[in-house]
Amino acid sequence: MPHFDLAALPHRRYNPLTQEWVLVSPHRTQRPWQGQVEAAPAETSLAFDPHCYLCPGNSRAGGARNPQYSGTFVFENDFAALRPDTPSGSIQERELLFAQSEAGQCRVICFSPRHDLTLARMSVDEIRLVVDTWCAQFSELAAEPNVRAVHIFENRGAMMGCSNPHPHGQIWANETVPDELAREVVTQRDYFQAHQSSLLEDYLKLELEKQERVVCSNEHFVVVVPFWAVWPYGTLLISRRCVPSLPELQQAERQSLAQILRQLTIRYDNLFQTSFPYTMGFHQRPTDDGSYPGFHLHAHYYPPLLRSATIRKFMVGYEMLAMPQRDITPESAANHLRDLPATHYLER
Ligand code: H2U
Ligand code: ZN
């Protein structure tokens, strides 16, 4: 069989979590790595912003006032996309027009009272409070009878549609399992039934043997640019122990999670010396009464930046019509991220 060079030839790669493919075109990146080429956009420097609806003591749309919180603070989204009191109903005409009511809840979680911080610039202990809040929120929402999926995520940066630099994330809980999570439930269940081990456990073993795509790791977590990454610097954060959701993490694991979140976001900021935009979020087991053997807690990071603080990748054309495509290989993206200093560029 002729040698197949993943670093030089156009090829497609398979994502075993979603059963989707990504086209990789490494021959288009023969130019040398250039790194940051222009100044990053200015960032906020106010520790407290009197006009911020997330800062302690300020009022929000609809008239609610935030408490003088000192750690994390969770509230019901004032413009929630889902509402718990939605009456149930559906319409169907033949197999062509089909709609169902969807009840749920949307919450906002402030990571810190400090308006000017980001996870990358918070201490491990401060991030630990965020981790503990995520755990508590998942448990609380999972216990509700009509909640079948809980998504905990963060949109960071204006480029990702985030409306406010104050460090915050969101939690959406709803009564059906959304498609992306449903796909990962099926693939992980099928893999577990065939192999009696979790898909991500086995994948992690491979990645740790090869050491080609590992970005950083600690005692309980590993971050890789997955073999099938779509976004240039997309990563997958995987727990070494196969647990189905955040609340199953033990104290030491929660501390390690805080630590690796900090490590990863610092590397991201250092890549283009900017407060790195991304969407990140956890995939956790559905919260109905089902059993989910092989479901393995992980977080996806989907950052849009390609070559600098302002040059981003667009998912257009072929990506929308056919399949996603990337030029820089996941292996070189992992090399770039791994080789960066472990201290934040603003703190050096
Ligand atoms: P993003 O910027 O990540 O979209 O999150 C901010 C959320 O905060 C957004 O979903 C909500 C918006 O609906 N929000 C409030 O709940 N109250 C407000 O006073 C303003 C914004
Ligand atoms: Zn603020």
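This is a predicted model: local features need pLDDT of at least 70, side-chain atom pairs count only at pLDDT 80 or more; totals for chains, interfaces and linings use all residues.
Local features need pLDDT of at least 70, side-chain atom pairs count only at pLDDT 80 or more, and totals for chains, interfaces and linings use all residues. Residues are numbered from 1 along each chain as its sequence is written, and side-chain values use heavy atoms, without hydrogens and water.

Cys 52 is buried at 3% relative accessible area, and Cys 55 is buried at 0% (buried means under 20%, with a 1.4 Å probe and protein chains only).

An open sheet is formed by 9 strands in the order S3-S6-S8-S7-S12-S13-S11-S10-S9, with antiparallel pairing. Strands are DSSP runs of E with at least two residues, and helices are runs of H or I with at least four. Two strands pair if DSSP finds at least two bridges between them. Strands S3 (73–76) and S9 (214–217) stand at the edges; each has a single partner strand, so one side of each lacks a neighbour in the sheet. The twist averages 20 degrees from one strand to the next. Axes are lines fitted to C-alpha atoms, for helices over the stretch in contact, and angles run from 0 to 180 degrees between N-to-C directions. S12 (278–283) and S13 (298–302) pair over 5 bridges in the antiparallel sense. Met 280 has Tyr 301 of S13 as its bridge partner.

Helix H2 (179–195) lies across S7 (149–156), S12 and S13, at about 130 degrees to S13. Helix H1 (124–142) has 19 residues. Its buried residues include Ile 127, Arg 128, Trp 134 and Phe 138. Among the elements covering the buried residues of H1 are S3, S7 and helix H4 (251–272) (contact means heavy atoms within 4.5 Å).

A further open sheet has 3 strands in the order S1-S2-S14, with mixed pairing. Its edge strands are S1 (11–15) and S14 (325–326). S2 (20–24) and S14 pair in the parallel sense over 2 bridges. Val 24 has Arg 326 of S14 as its bridge partner.

Definitions and conventions: Chains are lettered from A and ligands numbered from 1 in the order in which they are written. Buried means under 20% relative accessible area, exposed over 50%, partly exposed in between (1.4 Å probe, protein chains only). The expected span of a helix is 1.5 Å times one less than its number of residues.
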